Structures are given as C-alpha cells and as structure tokens.
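This briefing walks through one protein model, topic by topic, for a reader who has the sequence and the structure at hand. Please keep both in view while reading.

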Amino acid sequence: MEFYENSQEPEVAVLVGVDFGTYNAEVSIDELEELARTAGAVVAAKIIQKRDKPDSATYIGSGRLQEVKEFAEANDIDLLIFDGELTPSQQRNIENETDVRVIDRTTLILDIFAARARSGEGKIQVELAQLKYSLPRLGGKGTELSRLGGGIGTRGPGESKLESDRRHIRRRIQSLEEELVEIAKRRENLRARRAKDGVETVAIVGYTNAGKSTLMNALTNAGVLAENKLFATLDPTSRALTLPDGRSVMLIDTVGLVRRLPHHLVEAFHSTLEEAANASVILNLCDASDPCCTEHLAITQQLLEALGCGSKPIISVLNKCDLCDGNFVLPSQGKFIMISAINGVGLDRLLASIQLALPLTRKKAEMLIPYTDGGLVNFIREDGVLIQEDYRPDGIYIKAVMDIRFLEKHKDYIIG
C-alpha cells in the first residue's frame, strides 16, 4: 500500500534500531517502517543491532556504522532513520561519518504531525514541540543544516527557523505557549459549558490506525477522514451521538498513540489528551486483527492512568473483528466489546455498554399530564424517548424515558 502523497521523488531510507532488551525491537522497527512510509519514504533496509546500551558517540558503534555507511554508498541512500532518540552529538557524528542525512524516531513523528495538522491549535502544538526538540540541537549545526535542504524531518517550523539564533527561537516558544494558554482557557470554558448543560462526553482513544475515525463516522456520520495510515487524524473531532435511550452525548475522537510516544509529543498534545481525561466514559479502541492487540490496549491504559483516568469507566473495544481468523488473545481482564466499525457489527452492543457506563440521568416512567399542561408532551417527544401515548378523559397518559431532572420537576404527574 502506497502512502506517499507528495509530488517530489520519495526519499530512500535505511532504518536503524538497537535491541537493548527493554522492548521488542523487531516490532518497534516494523512500526518505524510504517511511520517512514506514512512520511513518504521508501525503506531500502532495516538494521537491528544488539547492545547493552547505546554507544555514546554513534549510538550503534563504529563497526556497525561502517557497515551502514558502505550500504548507503552502494545503494544511493538519502536518509538514515534511527529507532530511538539521538543526542545532538550522536546525530552530528553519524552524519559526518556517513555523509547521509540523519533523523531519529521523534523527528520522524513530529514531521508526520507537521504534515497532518489542520487546525490552528494542532499547528501551534506541532511547531512548539519541534522547536523545543530542535533548540538543544542547534549548536554547531549551521553548516550541516545548509547542506541538508528539504525532506523528511524538515517540515513544520522549517529550515529558516532552525537556523535562527537561540534567542529568537526562545521568543517564538514563549509566544506559542502563550497562544496555547489562551486556547486552553477557551477549551476549559467549553467543557464547563457542557458540564453546566449536563452534556456527557465519550472519548475514543487508542493506538493509531485502530479505526477511531471509522468508528466515529459509523456512530455519528461525522465525515471524518478515515484512511489506512498512521496519524491520519491529528486534530480532535467532536460530534453529537444519540444513545438508544434518547440521551445525546458528545463523542470525541482523539489523536492516535504509538509505542514509546516521545514525551515532547505528550506534553505538546496534553490539551488534546485532556479531552479523554475529562470524558465521562472512555473507549479504549484497538485493532483486534493486530498480533499486538493486547499490548496496544495496555499502552493506552498506561497513558490513561498517567492522565488520571484510572477511576473512569473504560470500555475496551476490539475493532476490525471481521479481519480476524479467530486466533487472537482476548484481554485477560476488564470489559470488552467486539466490533467491526466498517461493517457495523457489534455497534448496538457498544452503544448499550456506553449507556450503562454513563451516570444515570434518565429513567423510564409513566405520567398522566393534565390537558392544561399538554405542552410538556411536545417536550417529551423532542427530548425523551416516547414509548406510549394515550389520550384519556383525565389527561394524557405518557410512558417514556425521560431526564431525571424533568421527572423531579414534574413528579406530581408521575403515576408509575
């Protein structure tokens, strides 16, 4: 599947990882390959070296670096992408030795985010994260930057900002942070208004490419971009969702997660992730057809706990069950729902589970409303779920699911 979207020729890249024994290096570099393809690169080779710790000068050691250099020269390689976070000196040493442009995992993800951000807030967050990450890497990079030109890892703030002096970048960082503070205030006011109006929120969180946008579209006809790409959706989307009992909740689609998400991104997109932290119910969505399904659920769960969401109702949702052959491991604990968002399978069960997880705000009741107060019936039709309506000599008999506050206000009319 081709992910390249630009008109220029794709860059040819070599992926370099180091297995320290602390995580599955092969799975991680496979994910890095997907990230590289999403950014527009063609991956020529993947290299993994086993080490106890990274080499302080070149990350992978001089011997393996020489092999990488020889391969790059023989195959006209444009880019080396390291599956880790390089120090400024490591990046310079590798570039000087191989004469090939070098970026790391964090730079690659930031680059994808820069290409995908659409909202003003998203663009500000990306630029802020890139500038903070670039600031300690500015020392001695003037000549290197001048020869790098464009390409993956240089989008967003751009070459001109990276060549600016530190004082200018710090001023820019301060300005962006002030803008985000104002945006955060507006977001908090919006949340407060929702709470005052009694609007419950349901947040979809989970691994990137798990089908969050597809689920959003299936439940609300939101028309959100849904593609088989990592980080296809970057900016959060909110849409109204009507539950079977007539309640209307706000469904929020959040940015996708990846393994070892750089802390720069967690910090930059904290306001976006706060939508999950403030939600009434959280849907932890994962791709059931992915061999790492249970690991993805655990990664998301850990982030949710870090955001202080451990006590909230969390429903594990296993999407893409239509692609499973039945040979996958179900979560060992907690509640989970099997669905296929693209085919609509299991969505009724999911809606019922959301309804049960939400705080009780509606009840089924029978009322006998006097004809003098008949306008209440229209309100029930619009705001509740009308089950039965009869016109009797002594009033209008109503059987419906209604808001608890409405029932409390008109409790004199309740007959059952």
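Predicted model: local features only at pLDDT ≥ 70, side-chain atom pairs only at ≥ 80, totals over all residues.

The buried residues of helix H5 are Glu 121, Gly 122, Ile 124, Gln 125, Val 126, Glu 127, Leu 128, Ala 129, Gln 130, Leu 131, Tyr 133 and Ser 134.

**Helix H5**

- With 12 of its 15 residues buried, H5 is mostly covered.
- An α-helix has 3.6 residues a turn, so residues three or four places apart point the same way.

**Aromatic rings**

- The count of aromatic pairs in the model comes to 4.
- In one of these pairs, the ring centres of Phe 20 and Tyr 59 are 6.2 Å apart and the planes stand at 90°, so the pair is described as edge-to-face.
- Phe 20 belongs to the loop between strand E1 (11-19) and helix H1 (25-39), while Tyr 59 belongs to the loop between strand E2 (41-50) and helix H2 (62-75), so the pair ties together parts that are 39 residues apart in sequence.
- Are these two residues buried or partly exposed? Phe 20 counts as partly exposed because its relative accessibility is 22%, whereas Tyr 59, at 5% relative accessibility, counts as buried.
- Tyr 59 also forms an edge-to-face pair with Phe 82, with 5.9 Å from centre to centre and 80° between the planes.
- Since Phe 82 lies in strand E3 (residues 79-82) and Tyr 59 in the loop between E2 and H2, this pair ties together parts that are 23 residues apart in sequence.
- Phe 82 has 0% relative accessibility and therefore counts as buried.
- Taken together, Phe 20, Tyr 59 and Phe 82 form one aromatic cluster.
- Elsewhere, the ring of Tyr 397 has the charged end of Arg 392 sitting over it, 4.1 Å from the ring centre.

**Nonpolar cores**

- The largest nonpolar core has 23 residues, and those that touch the most other members are Val 202, Leu 215, Leu 219, Leu 283, Ile 339, Leu 350 and Ile 354.
- Two or more residues of this core come from each of strand E5 (201-206), helix H9 (212-220), strand E7 (248-253), strand E8 (281-287), strand E9 (314-319) and helix H13 (347-357).
- H13 gives the most to this core, with 4 residues.
- When its neighbours within four places in sequence are left aside, Leu 219 is in contact with Leu 241, Leu 251, Leu 347, Leu 350 and Leu 351.
- Another core, of 22 residues, lies apart from the largest one and includes Ala 36, Ile 81, Phe 113 and Val 258.

**Strand E7 and its partners**

- Strand E7 is largely enclosed by the rest of the structure, because 5 of its 6 residues are buried.
- E5 and E7 run parallel and are joined by 4 bridges, and within this pairing Val 202 has Leu 251 of E7 as its bridge partner.
- Strand E6 (residues 237-242) and E7 run antiparallel and are joined by 6 bridges, and Thr 242 stands opposite Ser 248 in E7.
- The hairpin of E6 and E7 has 5 residues between the strands, and in this hairpin Gly 246 takes a positive phi near 95°.

Technical notes: Residues numbered from 1 in each chain as written. Heavy atoms only, no water. Phe/Tyr/Trp six-rings, centres within 6.5 Å; stacked < 30°, edge-to-face > 60°. Buried < 20%, exposed > 50% of the residue type's maximum accessible area, 1.4 Å probe, protein only. Lys NZ or Arg CZ within 6 Å of the ring centre and 35° of its normal. Core = buried A, V, L, I, M, F, W, Y, C linked by side-chain atoms within 4.5 Å. Contact = heavy atoms within 4.5 Å. Pairing = 2+ DSSP bridges.
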